[in-house]
Amino acid sequence: MNFQASGISLPQTSLFIDGEWRPGAGVYPLFNPADGAQIADIANCDATHALAALDAAARAQPGWARLAPRARADLMHAGHRLMRERGAQFVHTMTLESGKPLTEARAEFNLSADFLLWFAEQTAHIHGSFSNASHGGFRVVTTHQPVGPCLLITPWNFPLLMIVRKAGAALAAGCTTVTKSAQETPLTCALFVQTLIDAGFPKGVANLLHTTTPSAVSETLLKDRRLRKVSFTGSTRVGSLLLRLGADNIVNTSLELGGDGPFIVLADADVDLAVDHAIMCKFRNAGQACVAANRIIVDREVEPDFTDKFVKKVSELKVGDGMDPVDVGPMISARQRDRLFDTINQLTSAGGKVLTGGRALQRPGYFFEPTVVRFDGPNPVMCDNELFAPIATVFPVEGPRQALEFANTSNYGLASYVFTRDLTQAIAMGEQLEFGMVGINRGIMAEPAAPFGGTKWSGIGREAGHDGIYEFLETKYMALTVGEIEEALK
Ligand code: NAD
């Protein structure tokens, strides 16, 4: 399906630089992953466009930083209101270019709007401090200032949430932005930027690039001294590359990277609840989520019951075009689907048994059957190996200690999950899990008030919550000499 057939107008396909939509150095075709149909030609930028976008962001930076927080907040509230009015266009655009079912696109839209509202509310609540030096004699005054022009690089799997979570925080903090969209989902980003512009954001504050050669953007901008921050969401490989690219210029860097989410079900858990949440956590977005359950680790005492119920529900999931009422949409591309043939071979060679699914669907688009692979016990095959697919792996374990040890056998540290009726055990386990986030009796955690992020290979920094905005602010300290009281009272 394309935009015409869906009755939704096509968002801007150009680059947005210095307050205007501009052509690129050429165009690249954009496809609907549900049927492989071409849905648009997208402007393809090169290094000169990247530089023009940074020129604009650098020019706009002082004025944007000087604007009173309340005035910035008003613009952000206006953006939020307009975004809400355009909900249907956002939702359909996301489904057409990313393939996710409309219900999931709607949920992502609502969450993204909530994040924008959160940042709008935070804008006028950035605090400083006034305190005494440790030996007295002078005062310690701290305030926060915008880091400066930021490069925001987003992935395709949550095309709206990712740009809102970065741009929302950066703009609220008083930073100007150059966003590089994911090649596969440029239109959702374009719609968001258009919404900010229509809400009245000044020229140069929000710029948008699309490209099939992202290295042209990152290599050009990260060595330009005017760029002061890069915020990236994507793979650990590219995150590590960006750290190296920004090293010479000491670019402030926030990274939200891959995950290896262990999903632990203890012997006393509510098995039905765990099954329902495992389905959401694993098969949302066809498994293409950094916080997806990568290894489902179940106490052997309840594992047969869990696995029977889980496999039954997985085999009933309806797969198809996200524009229809389905549970699971396509993979983002033929390449992402085709790598799964190797994944299934790797899992079965390591002793896994396919209990349902395991094959691609014979139809246009990039579909793969929801799949469950069971192992007889803990197995290292998926440790450090992000499935990023509608494939679930189940590992029985002997009690909570083995569950914890196996869960922590990973270099990743993003999301983890524990299902138990014993709160004391849940907290003990939560404290020992080497992950940035722990879902206790829940498989979905994203929330504006919560700090999102990971440890180790999963990244540096946190998005949203109370702390996220400070990723885009520098702390300024001023030492203040204070005179004698007698002098002051003369
Ligand atoms: P990717 O790293 O290939 O791409 C992510 C983004 O980086 C895209 O916009 C891409 O164009 C860009 N990119 C690629 N090479 C680049 C370069 N040399 N310079 C600048 N930009 C470059 O990842 P992907 O395969 O598109 O996304 C999936 C990955 O992202 C998974 O590992 C997933 O776990 C991770 N992810 C993490 C989070 C999180 O919040 N932690 C959220 C979503 C996805």
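Reader: Okay, axes are lines fitted to C-alpha atoms, for helices over the stretch in contact, and angles run from 0 to 180 degrees between N-to-C directions. So at what angle do the axes of α3 and α5 cross?

Author: Before that: this is a predicted model, where local features need pLDDT of at least 70 and side-chain atom pairs count only at pLDDT 80 or more, while totals for chains, interfaces and linings use all residues. Residues are numbered from 1 along each chain as its sequence is written, and side-chain values use heavy atoms, with hydrogens and water left out.

Author: Now your pair. Helix α3 covers residues 69-85 and helix α5 covers residues 102-122, and their axes cross at roughly 165°, coming within 8 Å. That angle makes α3 roughly antiparallel to α5 (over 145 degrees; under 35 is roughly parallel, 65 to 115 roughly perpendicular, the rest oblique).

Reader: Where do the labels come from?

Author: Helices (H or I, at least four residues) and strands (E, at least two) are DSSP runs, numbered from the N terminus.

Reader: Next pair! How do the axes of α2 and α8 cross?

Author: At roughly 45°, with the axes of α2 (residues 47-66) and α8 (residues 214-222) coming within 8 Å. So α2 is oblique to α8.

Reader: Who's touching whom there?

Author: Ala47, Ala50, Leu51 and Leu54 come from α2, and they meet Ala216, Val217, Thr220 and Leu221 of α8. That contact has seven nonpolar residues, one polar and no charged ones.

Reader: What about α6 and α7, at what angle do they cross?

Author: Roughly 35°, and the axes of α6 (residues 159-173) and α7 (residues 186-198) come within 9 Å. The α6 side brings Pro159, Leu160, Ile163, Val164, Ala167 and Leu171, while Thr188, Cys189, Phe192, Val193 and Leu196 come from α7. Sorted by class, the contact of α6 with α7 has ten nonpolar residues, one polar and no charged.

Reader: Is Cys175 buried or exposed?

Author: Buried, since its relative accessibility is 0%. Buried means under 20% relative accessible area, exposed over 50%, and partly exposed in between (1.4 Å probe, protein chains only). Cys383 is in no disulfide either, with the nearest cysteine sulfur, that of Cys281, 17 Å away. At 12%, Cys383 counts as buried too.

Reader: Now Thr93. Where is its place?

Author: Thr93 sits in helix α4, residues 87-98. It is buried, because its relative accessible area is 0%. Beyond its neighbours within four places in sequence, Thr93 contacts Phe3, Ile8, Pro11, Leu187, Thr188 and Leu191. Leu10 is 83 residues away from Thr93 along the chain, and their C-alpha atoms are separated by 8.0 Å.

Reader: And where is Ala43?

Author: In strand β4, residues 38-44. Ala43 is buried at 5% relative accessible area.

Reader: Last one. What is the phi of Asn285?

Author: Positive, about 55°, although Asn285 is not a glycine. Most residues other than glycine have a negative phi. Asn285 lies in the loop between α10 (271-283) and β13 (293-299), and at 5% relative accessible area it is buried.

Reader: What about Ala464's phi?

Author: About 65°, positive again without being a glycine. Ala464 is in the loop between β21 (459-460) and β22 (473-481), and with 1% relative accessible area Ala464 is buried.

Notes. Contact means heavy atoms within 4.5 Å. Ala, Val, Leu, Ile, Met, Phe, Trp, Tyr, Cys and Pro count as nonpolar, Asp, Glu, Lys and Arg as charged, and the others, Gly among them, as polar. A disulfide is a pair of cysteine sulfur atoms within 2.5 Å.
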